[in-house]
Structure formats: C-alpha cells, structure tokens
Amino acid sequence: MKILVTGGAGFIGSHVVDAYVAAGHEVAVIDNLATGNEHNLNRDAQMHRLDLRDPAEVASVVSSFKPDVVNHHAAQAEVPKSVADPAFDAQVNLIGGINLLKASVDNGVRKLIFISTGGALYGEPDIVPCDEDHPVRPLSPYGTSKFCFEQYLGTFKRTFGLDFTVLRYANIYGPRQDFQSEEGRVIAIFASRMIAGKPVTIDGDGEQSRDMLYVGDVATANLAALDRGSNGTYHVSSGFDVTINELFRKLAILTGYKQQPSHGPRRRGDVYRIALDNTRAQRELGWQPAVSLEEGLSSTVDYFRQRVAAPSA
Ligand SMILES: NC(=O)c1ccc[n+]([C@@H]2O[C@H](COP(=O)([O-])OP(=O)(O)OC[C@H]3O[C@@H](n4cnc5c(N)ncnc54)[C@H](O)[C@@H]3O)[C@@H](O)[C@H]2O)c1
C-alpha cells in the first residue's frame, strides 16, 4: 500500500518508515527537518522537505503521491517549548495537522493514523496503570493540542468519512533519540552521559516513574494500525512503570558507570507516577510489546556507544 509518513526523519517516525518499507509498502515522507535528521531517513522512501503549516505544499504532495494511509508523526513534540510558546505549538500541531486532514479528504485517503500522547494527557492519573477512558486533564499546551486534534479526527470521520486510529504513546526510547534537545529524554541523556563519563543529574528524588517503551515495539504497533483499530484510540505502552532511580541503576550497570548521581530540583508540572494500560491495543490491534526493558536498554546503550565514538555518523 502507499503510505505517507509525516515526521519520517524524526526519532520515532524514521523507525516506522523502516518497518513500512521492510513490509513492502511504498512510502513517502513529509518533514521540514525542524528536529528530524536526514541521516535517519530510509533510502527507499521518497522525501518531501516541507512545513505542514503550508497548506498548498501539503496538498500538492498528497495529491501527487495519493496515499492509501497517512501516518502523522510530525509535531512540535517538546512540552517545555509548548509552555514557552503555546501559539507555535498550536500552529504546528493543530493548523499543520488540519492542513493534512483537509488534503487527505480531498484526495481519497482511506485512513489517518495519528500519534498522540498518553504521558501528557491525563495529568496525575487517578489509577496506575490508567486506561484510555481516564479523564483527560493536560498540564501543558502540548497535551491540549494533541487532545484537540483527536477531536478533529472524530469530526472528519463523521462529516467526511475519513477513518482514523489514534495511538497514544508512552515514553519512547531507543536508537536515534535526540539527547541534546531541550527536553532530551531521560534514557538518551543518561546513556550518552554515562558512556562519556560525564556527571548525571536526577530531577527530584528519582522515585518518580514513567512507562518506558522501546521504539521497535512502536514500529510494530504502527504496522498493526494499518488494517486494524478503525476509529479507535489505543495506548502504545509497556503497561508498567519504572522509577528514574531504577533506570539510572540499570544503565550504570550496562555502561560500567561508577559515579553517583547528583539530584536537582523536581521539575515543575511533571507527573509523579504514570503507566498506561495497553489491554485495548492487545485485544483490538493484536499488538503487544515484545522487547523487555533490559533488552531495549542494552540496544540503546550499544547505539549511544557508537554515537559517542563517532558523533557525526
Ligand atoms: N518521544 C516520545 O516519547 C513521544 C511520546 C508521546 C508522543 N510522541 C509523539 O511522537 C511523534 C514523534 O516524536 P519524536 O519523539 O520522534 O520527535 P522528533 O522531534 O524526533 O520527530 C518529529 C518530526 O516532525 C518534524 N516536524 C516538526 N515540525 C514540522 C512541521 N511543521 N512540518 C513538517 N515536519 C515537522 C521534525 O523535523 C521531526 O522529524 C510526535 O508526534 C510526538 O508528539 C513522542
């Protein structure tokens, strides 16, 4: 099938492109390389370097490629940036996304797979792990723009008949993750600093916890969503939480890191404990995670070892 992946040069989107190409699909990518990297791009995918906020350019790619499915990963994906500049967040995550929706209905796209967030939607959850029906009360403009776009999908389904699947991700980690971004993710930062022998700082007491999922498992969820889960919303998650202190200990063993961490202030607005129940995805998408935390961390450390040894690769 023909699949258009937005954000296909980014961390997660590039793994999804690889999985689609490996499964024999024809793939085109839209990415403006705001945070993505050309090195991530699969050579067998057609690249269109453009900004989703430009409706004419988006329409031109969709009408010439004529995808069966659009997989929408591109986003302003950083929580602190959304707090600092909520209007920019909404321009990319809402207006950019709406341009893509409009071009999709105008060109007979069958389905749009939208990548939302589980970690930034529920605030401090009432129960852990929480399921997809948990009340939504985002703490950041990023969480709000993601949830708002989910509502547009319902409208476009009811009014124009465009099928959708929403995948609400947990905290994703693995090769190609940017450890230098403003909100570089915890595993990428710890692993790269430990390998380089640099000091590591844990925010707060480190007993806060997250649901961590390996990026290879995210790719298989996106394969499952091509044919299943029409008009449904699913957690793509491990289903359990791990504390930041546990992650530190596991990564220290894998990297041979002997230094003690220092502790900084707890980050304002951070959720303390969260995990996302993935029972619905198991039942309706036929998907479940296959990579254990130990295996995923080990592959990630291997990747960052190579990056630290050859930073430009
Ligand atoms: N990383 C996580 O833990 C996580 C968790 C929940 C949800 N998500 C979601 O997954 C998706 C991918 O996130 P990621 O971590 O790979 O981040 P990323 O920054 O690596 O990927 C985002 C991609 O979108 C592109 N992009 C940004 N603005 C664009 C625009 N205006 N036009 C075209 N392309 C644009 C970037 O260049 C980049 O390649 C995002 O939608 C994000 O919100 C990520």
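The model is predicted: local features need pLDDT of at least 70, side-chain atom pairs count only at pLDDT 80 or more, and totals for chains, interfaces and linings use all residues. Residues are numbered from 1 along each chain as its sequence is written, and side-chain values use heavy atoms, with hydrogens and water left out.

**Ligand shell**
- The ligand is surrounded by 27 residues, each with a heavy atom within 4 Å of it.
- The closest are Asp 31, Thr 35, His 73, Tyr 142 and Lys 146.
- By class, the shell has 16 nonpolar, 8 polar and 3 charged residues. Here Ala, Val, Leu, Ile, Met, Phe, Trp, Tyr, Cys and Pro count as nonpolar, Asp, Glu, Lys and Arg as charged, and the others, Gly among them, as polar.
- Four elements each supply at least two shell residues: helix H1 (11–22), strand E5 (111–117), helix H5 (141–160) and strand E7 (171–173). Helices (H or I, at least four residues) and strands (E, at least two) are DSSP runs, numbered from the N terminus.

- Polar contacts are pairs of N or O atoms within 3.5 Å.
- The side chain of Asp 31 places an N or O atom 2.5 Å from a ligand oxygen.
- A polar backbone atom of Phe 11 is 2.9 Å from an oxygen atom of the ligand.
- For a backbone N or O atom of Leu 33, the distance to a ligand oxygen is 3.5 Å.
- The ligand has 830 Å² of accessible area on its own, and the protein covers 94% of that (Shrake-Rupley method, 1.4 Å probe).

**Helices H2 and H4**
- In H2, Pro 55, Val 58, Ala 59 and Val 62 meet Asn 99, Leu 100, Ala 103 and Ser 104 of H4, where contact means heavy atoms within 4.5 Å.
- This contact has 6 nonpolar, 2 polar and no charged residues.

**Backbone features**
- Leu 33 lies in the loop between strand E2 (26–30) and strand E3 (46–48). Its phi is near 60°, a positive value in a residue other than glycine.
- Pro 129 sits in the loop between E5 and H5. The peptide bond from Val 128 to Pro 129 is cis, with omega near 0°.

Key
Polar contact = N/O pair within 3.5 Å; in protein donor to acceptor, adjacent residues only side chain to side chain.
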